[in-house]
Amino acid sequence: MKYGQVVKARFLERPNRFVAYVELEGRRQICHVKNTGRCRELLVPGYTVYLEKAQNPARRTPYDLIAVEKEDKLVNMDSAAPNKVFGEWAAQSGAFGPEPLIRPETVFGDSRFDFYIESQGEKIFAEVKGCTLEDQGRCYFPDAPTERGLKHLNGLIRCAEQGYRAMAVFIIQMEGAQSFAPNDATDPAFGQALRRCRQAGVEILALECRVSPGALTVNPAVRVPILL
């Protein structure tokens with residue numbers, strides 16, 4: 001996926017989950033943060049960030065904050081990007097065979113999953129999560145407790161029990177991932193549920209991305225080990 005007009009700025013502060021202040025061309029500028037997670041290790045005063053100019057010139061926040069330079073890594077932190085990237089990968093990579101039917105936002109039971117896919121006789125439900133939390137190449141999800149994420153994992157277990165192929169997909173929004181694991185220290189219930197998923201036959205997949213300030217795409221050459 002590609003962004004439109006992207007500019008570089010310096011992060012100043014984040015007064016709430018939705019907005020941040022940056023220094024852009026020597027001026028203090030408000031922008032929308034496209035990630036409501038904590039992102040404390042990313043949004044650090046003085047860090048270089050990248051903004052996409054909004055298409056609506058009348059919007060209160062004329063830019064969206066989409067990426068940050070964290071030490072030696074460029075991290076995409078746009079929470080809408082993982083679904084777009086997975087949809088492109090599912091359609092083009094051949095992982096689901098030629099010309100799969102891909103339908104986003106599909107309800108099964110009491111859960112709404114990010115994707116329903118049909119290909120070569122298989123019926124697949126996939127839930128996609130974006131991963132931006134990293135420590136020395138080790139990547140973790142979530143960065144804050146997530147009841148919604150826990151509900152999705154339990155829903156995937158029910159899908160698998162009823163004969164569907166079920167997938168929990170973690171899109172790592174950076175390069176250089178050495179491993180992926182649930183963040184047990186922050187949300188032990190999510191980690192326990194992810195291990196129950198594996199036991200129930202749910203596929204767990206972590207996909208590293210190639211990242212530039214203006215684009216994000218799955219890196220097909222990298223297989224990220226999953227530690228459960």
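This is a predicted model: local features need pLDDT of at least 70, side-chain atom pairs count only at pLDDT 80 or more; totals for chains, interfaces and linings use all residues.
Visitor: Okay, and how are the rings of F86 and F96 arranged, as a pair?

Guide: F86 and F96 form an edge-to-face aromatic pair, with 6.3 Å from centre to centre and 75° between the planes.

Visitor: Where do F86 and F96 lie?

Guide: F86 belongs to helix α1, whereas F96 lies in the loop between α1 and β7 (101–108), so the pair ties together parts that are 10 residues apart in sequence.

Visitor: How many aromatic pairs are there by this rule?

Guide: The count comes to 13 aromatic pairs.

Visitor: What about F125 and Y164, why is that pair called edge-to-face?

Guide: The ring centres of F125 and Y164 are 5.2 Å apart and the planes stand at 70°, so this pair is edge-to-face, because planes over 60 degrees apart are counted that way.

Visitor: And which parts does the pair of F125 and Y164 tie together?

Guide: F125 sits in strand β9 (residues 122–131) and Y164 in the loop between α2 (147–161) and β12 (165–172), so the parts joined by this pair are 39 residues apart in sequence.

Visitor: Is F125 buried or exposed?

Guide: F125 counts as buried, because its relative accessibility is 3%, while Y164, at 26% relative accessibility, counts as partly exposed. Both F125 and Y164 also belong to one aromatic cluster, together with F108, F113 and Y116.

Visitor: Back to α1 then, which of its residues are buried?

Guide: In α1 the buried residues are A81, P82, V85, F86, G87, W89 and A90.

Visitor: How far apart are the end C-alpha atoms of α1?

Guide: They are 17 Å apart, and this agrees with the 16 Å that the 12 residues of α1 should span at 1.5 Å a residue. After the helix comes G94, which has a positive phi, near 85°.

Visitor: New topic: where does D78 lie?

Guide: D78 lies in the loop between β6 (73–76) and α1 (81–92), and with a relative accessible area of 0% D78 is buried.

Visitor: What does D78 contact, apart from its neighbours within four places in sequence?

Guide: With those neighbours left aside, D78 is in contact with Y3, K34, I66 and Q173. With Y3 there is a polar contact between the two side chains, at 2.8 Å.

Visitor: Last one: which residue lies over the face of Y21?

Guide: That residue is R28, at 4.2 Å from the ring centre of Y21.

Terms used: Residues are numbered from 1 along each chain as its sequence is written. Side-chain values use heavy atoms; hydrogens and water are left out. Helices (H or I, at least four residues) and strands (E, at least two) are DSSP runs, numbered from the N terminus. Buried means under 20% relative accessible area, exposed over 50%, partly exposed in between (1.4 Å probe, protein chains only). A polar contact is a pair of N or O atoms within 3.5 Å; within protein, one must be able to donate a hydrogen and the other to accept it, and residues adjacent in sequence count only if both atoms are side-chain atoms. Contact means heavy atoms within 4.5 Å. Rings of Phe, Tyr and Trp (its six-membered ring) pair if their centres lie within 6.5 Å; planes under 30 degrees apart count as stacked, over 60 as edge-to-face and the rest as tilted. A charge sits over a ring if NZ of Lys or CZ of Arg is within 6 Å of the ring centre and within 35 degrees of the ring normal. The expected span of a helix is 1.5 Å times one less than its number of residues.
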